[in-house]
Amino acid sequence: APDKFTVKTIRNAVTSPDEKYILFNAVGYLWEKRLPDHTVPYSIVSNPTRVTKGTDFEFEPSFSPDGKEIVYVTWSDEGSGAITKMNLFDKKMTKLSEEKGIFRTPRYSPDGKWIVYQKEEGNNQQGNAFCVNPGLYIMPASGGKPTLVIKDGSDPYFSKDGKRIFFQSNGDGKDENFALKSCDLNGKDVRTHFTSKYTNSFVPSPDNNWIAYRELFKVYIATMPQTGKTVDLSAKMES
């Protein structure tokens, strides 16, 4: 194994609120990459640098609305999974989760006061220990007791007003297709916004006016009407 090599696979790329750089996962850790400044001719773009000095694997970063903090998940075979927050200025890291488990996709509320995330069931790779009560949870961004919102769904996002949570339903592979749904913060008033046979990733825009979706390895964007009527997404739709 060489000491240095060219990384050809990156995941979990997210853009900072000021749109000056991205964070992404590669070879198990989080990296920062400055974006080109298109207002400066021949601007120099530096190489990626590691964000933390932690030893646990790091995944799925998300920025706070003001861009001063990030939240992400970690994993180690010895310590299991955790949700961690880091201040980007002093690099102070704070473990938010109080219990062990398999955690996924933590994201801030629009006001930066809450975090929504998924707690997964166990699997053959990470085991089944500490995987009780899976579902979507919210917790204070400063840490504290988590609250179970709804037992189903994955990949949660807060709505623009912070009063609802969008989440993905993977269907049953037979009668029910993939879907983007939402519920209130108590897990009630569940609504289905989009369904799709082949879409396996839905991303609402921060202003909730648009929906980006991936169908068969290609990415599309469409308007996101808030009419209460379910819309079937596909690459062939005209809007």
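Biologist: In this predicted model, which residue has its charged end over the ring of Y29?

Modeller: A charge counts as sitting over a ring if NZ of Lys or CZ of Arg is within 6 Å of the ring centre and within 35 degrees of the ring normal. The charged end that sits over Y29 is 3.9 Å from the ring centre. It belongs to R50.

Biologist: At what distance from the ring centre of Y157 does R107 lie?

Modeller: R107 lies over the face of Y157. The distance to the ring centre is 3.7 Å.

Biologist: Is the pair of F103 and Y117 stacked or edge-to-face?

Modeller: The count of aromatic pairs comes to 6. For F103 and Y117, the ring centres are 5.7 Å apart and the planes stand at 75°. Planes over 60 degrees apart count as edge-to-face. The angle of 75° therefore makes this pair edge-to-face.

Biologist: How many residues apart are F103 and Y117?

Modeller: F103 is in strand β9, residues 103–108, and Y117 is in strand β10, residues 114–119. The pair links distant parts of the chain, with a separation of 14 residues.

Biologist: Are F103 and Y117 buried or exposed?

Modeller: Buried means under 20% relative accessible area. Both F103 and Y117 are buried.

Biologist: Which strands stand at the edges of the open sheet of 5 strands?

Modeller: The order in this sheet is β13-β14-β15-β16-β20, and the pairing is mixed. An edge strand has a single partner, so one of its sides is left without a neighbour in the sheet. That applies to residues 154–158 and 231–232, which are β13 and β20.

Biologist: In β15, which residue is the bridge partner of Q168?

Modeller: Strand β14 covers residues 164–169 and strand β15 covers residues 178–184. The two run antiparallel and are joined by 6 bridges. Q168 has its bridge partner in β15, and that partner is L180.

Biologist: What is the radius of gyration of the protein?

Modeller: The protein has 0 helices and 20 strands. For 239 residues the globule rule gives 18 Å, and the protein's value is close to this, so it is as compact as a globular protein of that length. The radius of gyration is 19 Å.

Biologist: What percentage of the residues in the protein is buried?

Modeller: The accessible surface comes to about 14,600 Å², and carbon and sulfur atoms account for 51% of it. Of the 239 residues, the buried share is 40%.

Definitions and conventions: Residues are numbered from 1 along each chain as its sequence is written. This is a predicted model: local features need pLDDT of at least 70, side-chain atom pairs count only at pLDDT 80 or more; totals for chains, interfaces and linings use all residues. Side-chain values use heavy atoms; hydrogens and water are left out. Two strands pair if DSSP finds at least two bridges between them. Helices (H or I, at least four residues) and strands (E, at least two) are DSSP runs, numbered from the N terminus. Rings of Phe, Tyr and Trp (its six-membered ring) pair if their centres lie within 6.5 Å; planes under 30 degrees apart count as stacked, over 60 as edge-to-face and the rest as tilted. Buried means under 20% relative accessible area, exposed over 50%, partly exposed in between (1.4 Å probe, protein chains only). The radius of gyration is taken over C-alpha atoms; the globule rule is 2.2 Å times the number of residues to the power 0.38. Accessible areas come from the Shrake-Rupley method with a 1.4 Å probe; for residues, only the protein chains shown count as cover.
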